[in-house]
Amino acid sequence: MISFLELYDNSSLFSLIMNILMKLITAAITYGVGVKLIKFLRKCLRKLLERHNAEKGVITFLDSAAYIVLYVVLIFTILEMFGFDTASLLAVIASASVAIGLALQGAFPIWRAVF
């Protein structure tokens, strides 16, 4: 039986390890910057909604929706960095978003009255 280490000579094994290490470092930096950016964007969204005297429930809902959407985008960005094909996952999320949008379409006229 051939072991994993026998498949690679020393130079290709070193380049493989360095490639994985660079991807991990880049992903960690992307995650850190992404989390800070998400916190900043959510704070701006809350301040904007409070300035326009939106109801507390609307602020909470939109803040939660922004939290989920932005973290999903961050996770997909990091997965793309590692070479995962996220097209099928994005298609599932898009169809779920359409379904949720259709389910909530009766609530949107209420929100329009708030703004």
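Which residues does T86 touch, not counting residues up to four places away in sequence? I began my notebook with this residue, keeping in mind that the model is a predicted one.

**Entry on T86.** I looked up its position and found T86 in the loop between α3 (56-81) and α4 (87-103). Once residues up to four places away in sequence are set aside, I find that T86 touches F76, L79 and E80. With E80 there is also a polar contact, which runs from side chain to side chain at 2.4 Å. I then checked the accessibility of T86, and because its relative value is 3%, I noted the residue as buried.

**Entry on the core.** I next looked up the largest nonpolar core, which has 6 residues, namely A27, V35, I38, Y71, L74 and I78. At least two residues of this core come from α2, and at least two come from α3.

**Entry on the surface.** Turning to the outside, I looked up a nonpolar patch formed by F14, M18, L21, M22, I25, I29 and V33, whose accessible area together is about 660 Å². Is I29 buried or exposed? I recorded I29 as exposed, because its relative accessibility is 53% and the cut-off for that class is over 50%.

Technical notes:
Residues are numbered from 1 along each chain as its sequence is written. This is a predicted model: local features need pLDDT of at least 70, side-chain atom pairs count only at pLDDT 80 or more; totals for chains, interfaces and linings use all residues. Side-chain values use heavy atoms; hydrogens and water are left out. Patches are made of residues with over 30% relative accessible area and no salt bridge: like charges are joined within 9 Å, nonpolar side chains (Val, Leu, Ile, Met, Phe, Trp, Tyr) within 5 Å. Accessible areas come from the Shrake-Rupley method with a 1.4 Å probe; for residues, only the protein chains shown count as cover. A salt bridge is a side-chain nitrogen of Lys or Arg within 4 Å of a carboxyl oxygen of Asp or Glu. Buried means under 20% relative accessible area, exposed over 50%, partly exposed in between (1.4 Å probe, protein chains only). Helices (H or I, at least four residues) and strands (E, at least two) are DSSP runs, numbered from the N terminus. A polar contact is a pair of N or O atoms within 3.5 Å; within protein, one must be able to donate a hydrogen and the other to accept it, and residues adjacent in sequence count only if both atoms are side-chain atoms. Contact means heavy atoms within 4.5 Å. A nonpolar core is a set of buried Ala, Val, Leu, Ile, Met, Phe, Trp, Tyr and Cys residues joined through side-chain atoms within 4.5 Å.
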